[in-house]
Amino acid sequence: MVPGASVLAERRYCSKEVYNKENLFNSLNYDVAAKKRKKDMLNSKTKTQYFHQEKWIYVHKGSTKERHGYCTLGEAFNRLDFSTAILDSRRFNYVVRLLELIAKSQLTSLSGIAQKNFMNILEKVVLKVLEDQQNIRLIRELLQTLYTSLCTLVQRVGKSVLVGNINMWVYRMETILHWQQQLNNIQITRPAFKGLTFTDLPLCLQLNIMQRLSDGRDLVSLGQVAPDLHVLSEDRLLWKKLCQYHFSERQIRKRLILSDKGQLDWKKMYFKLARCYPRKEQYGDTLQLCRHCHILSWKGTDHPCTANNPESCSISLSPQDFINLFKF
């Protein structure tokens, strides 16, 4: 053998072994990176609501987990296309009220995917409000309700009350605080319009428009715009009609308040009644349940109904009615 050949061969073998180990290490790193990218891609996809071809779902009040027809709140929440519904002004308030009810008491009944969809839809709601600068107070209240509920649930971690890692929920709570800060920083921009304004209308028209507001807080806010509007917003008949719209005669009689002049103070009565009783809910569009085939869908959505007149079988559901469908 040539002198030093064995040493050279050994060095080549060692170099080859190191090279193979480096390749193996790089290959493992590549596999790990690929798996991470795949996981990140999967997580990013869950940022978008899970869409289904059918925009309806079968539910049956008498069903159970063991019987055909069982459906969870989370499944219905995933299937009924709430992401598109919030873009419709007729459905926006309905969806927000539904999100609020879920935030108050139904978060733990949602699956992990449904909880992600809940947060994704909420994010879209916040972004919409930040863009068009409408319904700010409504979303502030929704976020505060959700944050309060999560504070209570996170404190009970370890008792299987929330699906997912605690750090994920803490991050979501931080996100909610960030959204609240964004809403608080909104500066309402006055449109560059020099035409006819609300205060230029005749007083009778101004009062007629104010009578169509169903929330007393909106009346108070409108009255803060200008002195003349403040006078109109204090109209006793306006507050009387608002009380009679939301509350029954029996409820009103239990909460009578007299002013210094000995007259009924309808404005104070309204806010006291609102603290004691739920106000009447009014929505431009709602979810509907077909009594014939037990299918839940938005109004105008086609579903496989065998009734001769499907429209006559449909009943409108309030957000609370929707929640109650899934209380087995």
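**Exercise 1. Over how many bridges do strand β2 and β4 pair, and in which sense, parallel or antiparallel?**

Before we start: this is a predicted model, where local features need pLDDT of at least 70, side-chain atom pairs count only at pLDDT 80 or more, and totals for chains, interfaces and linings use all residues. Residues are numbered from 1 along each chain as its sequence is written, and side-chain values use heavy atoms, with hydrogens and water left out.

Step 1: find β2 at residues 287-290. Strands here are DSSP runs of E, at least two residues, numbered from the N terminus, while helices are runs of H or I with at least four.

Step 2: look across to β4; the two pair in the antiparallel sense over 4 bridges. (Pairing takes at least two DSSP bridges between two strands.)

Step 3: pick out Gln288, which sits opposite Ser316 in β4.

**Exercise 2. Work out the strand order of the open sheet, and why β1 and β4 have one side left without a neighbour.**

Step 1: read off the order of the 4 strands, β1-β3-β2-β4, with antiparallel pairing.

Step 2: β1 (56-58) and β4 (314-317) are at the edges with a single partner strand each, so one side of each has no neighbour in the sheet.

**Exercise 3. Describe the lining of the largest pocket.**

Step 1: a pocket is an open set of points on a 1 Å grid over the protein atoms alone, for a 1.4 Å probe, with protein on both sides within 12 Å along at least five of seven lines; lining residues have an atom within 4 Å of a point.

Step 2: of the 43 lining residues, those closest to the centre are Asn135, Ile136, Arg137, Leu213 and Asp218.

Step 3: α4 (89-105), α6 (136-155) and α9 (216-223) each supply at least two lining residues, and α4 gives the most, with 7.

**Exercise 4. What is the mean pLDDT of the chain?**

Step 1: pLDDT is the predictor's confidence in each residue, from 0 to 100.

Step 2: the mean is 78, and 77% of the residues reach 70 or more.

Definitions and conventions
Ala, Val, Leu, Ile, Met, Phe, Trp, Tyr, Cys and Pro count as nonpolar, Asp, Glu, Lys and Arg as charged, and the others, Gly among them, as polar.
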